[in-house]
Every structure is written in structure tokens, then in C-alpha cells.
Amino acid sequence: MSTKDINTLIKLTRKLGESVCDAGTYEEHKSKFFVMKWIYRGNEFSHKFPGTNKTSTPNHQYSQMRKNLRANGLGPSDEFTKDLISSEEHQKLLKELWLHLGTDDEGETPYGGDVGN
């Protein structure tokens with residue numbers, strides 16, 4: 001994993017956030033860190049990416065992103081998520097993000113083996 005992977009993660013998260021957020025709640029801030037946040041169905045999603053001078057392992061970023069998504073009901077696409085996200089476009093964006101994130105220690109990500117295929 002590399003800076004390219006983090007940049008891809010940022011792009012995918014931005015696309016999802018802008019698409020699913022409650023109207024007018026999407027924000028990005030750059031300071032020491034690059035922070036992306038929005039409100040989704042009344043719950044705040046927030047993720048802190050490393051700033052240009054900071055380093056963070058992609059594995060740590062991916063782990064934190066998985067936790068943040070799950071905490072807001074945006075886990076891997078399954079029956080529960082489909083009930084929450086009615087738009088096929090939103091489901092597609094969420095699945096694309098989870099495909100990029102791959103598997104984790106919790107073993108809840110069904111897409112890990114499909115990445116790059």
C-alpha cells in the first residue's frame with residue numbers, strides 16, 4: 001500500500017460522502033490533517049487522514065475507515081445496509097469503497113478476495 005492507495009481511499013470516501021450525506025452537511029478541512037466529515041441520517045461521520053507532512057500507515061487508515069463506516073451504519077453491503085441505503089447508486093458507491101478497503105480482523109468484509117479481479 002502506498003500514498004496512491006490513500007488518495008484512492010480519499011476519492012472513494014468523498015464520492016460516497018457527497019452522495020449519501022444529509023443535505024448541506026458534507027465538509028472537508030485541511031490543517032495538520034485532512035478531515036472529511038458529514039452527517040448521514042442524523043449521525044456524524046468523521047475521518048482524519050494524514051496531512052502532507054504526517055505519515056500514517058495505510059493499514060491504520062483502512063482500519064479506522066472501516067470502524068468509522070460501521071459506526072454510522074455503512075458497513076459492507078448486506079441486507080441491513082440495503083434497508084438503510086435505498087438508492088442503487090449509493091449502494092454501488094458503498095460497495096466500491098468496501099472493495100478498496102478489503103478484509104479486516106473482524107472478518108466482516110465479504111469483498112476482500114475480489115479486490116483487483
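**Exercise 1.** Determine how helix 2 passes helix 4, and which residues meet there.

Solution. Helix 2 passes helix 4 in a left-handed crossing, where left-handed means that the near helix is turned anticlockwise from the far one by less than a right angle. The two helices, residues 58–71 and residues 88–101, pack at an angle of about 145 degrees with their axes 10 Å apart. Next, Y62, M65, R66, L69 and R70 in helix 2 meet L97, W98, H100 and L101 in helix 4, contact being heavy atoms within 4.5 Å. By class, this contact has six nonpolar, one polar and two charged residues.

The model is predicted, so local features need pLDDT of at least 70 and side-chain atom pairs count only at pLDDT 80 or more, while totals for chains, interfaces and linings use all residues. Residues are numbered from 1 along each chain as its sequence is written, and side-chain values use heavy atoms, with hydrogens and water left out.

**Exercise 2.** Check the length of helix 1, then find its buried residues and their partners.

Solution. At 1.5 Å a residue, the 18 residues of helix 1 (residues 3–20) should span 26 Å, and its end C-alpha atoms are 26 Å apart, which agrees. Its buried residues (under 20% relative accessible area, 1.4 Å probe, protein chains only) are I6, L9, I10, L12, T13, L16, G17 and V20. These buried residues pack against strand 2, strand 3, helix 2 and helix 4.

**Exercise 3.** Locate R41 and describe its phi.

Solution. R41 lies in the loop between strand 2 (33–40) and strand 3 (43–50). Phi of R41 is near 55 degrees, a positive value in a residue other than glycine.

Methods. Axes fitted to C-alpha atoms, helices over the stretch in contact; angles between N-to-C directions. Helix = DSSP H or I, 4+ residues; strand = E, 2+ residues; numbered from the N terminus. Nonpolar A, V, L, I, M, F, W, Y, C, P; charged D, E, K, R; others polar. Expected span 1.5 Å × (residues − 1). Buried < 20%, exposed > 50% of the residue type's maximum accessible area, 1.4 Å probe, protein only.
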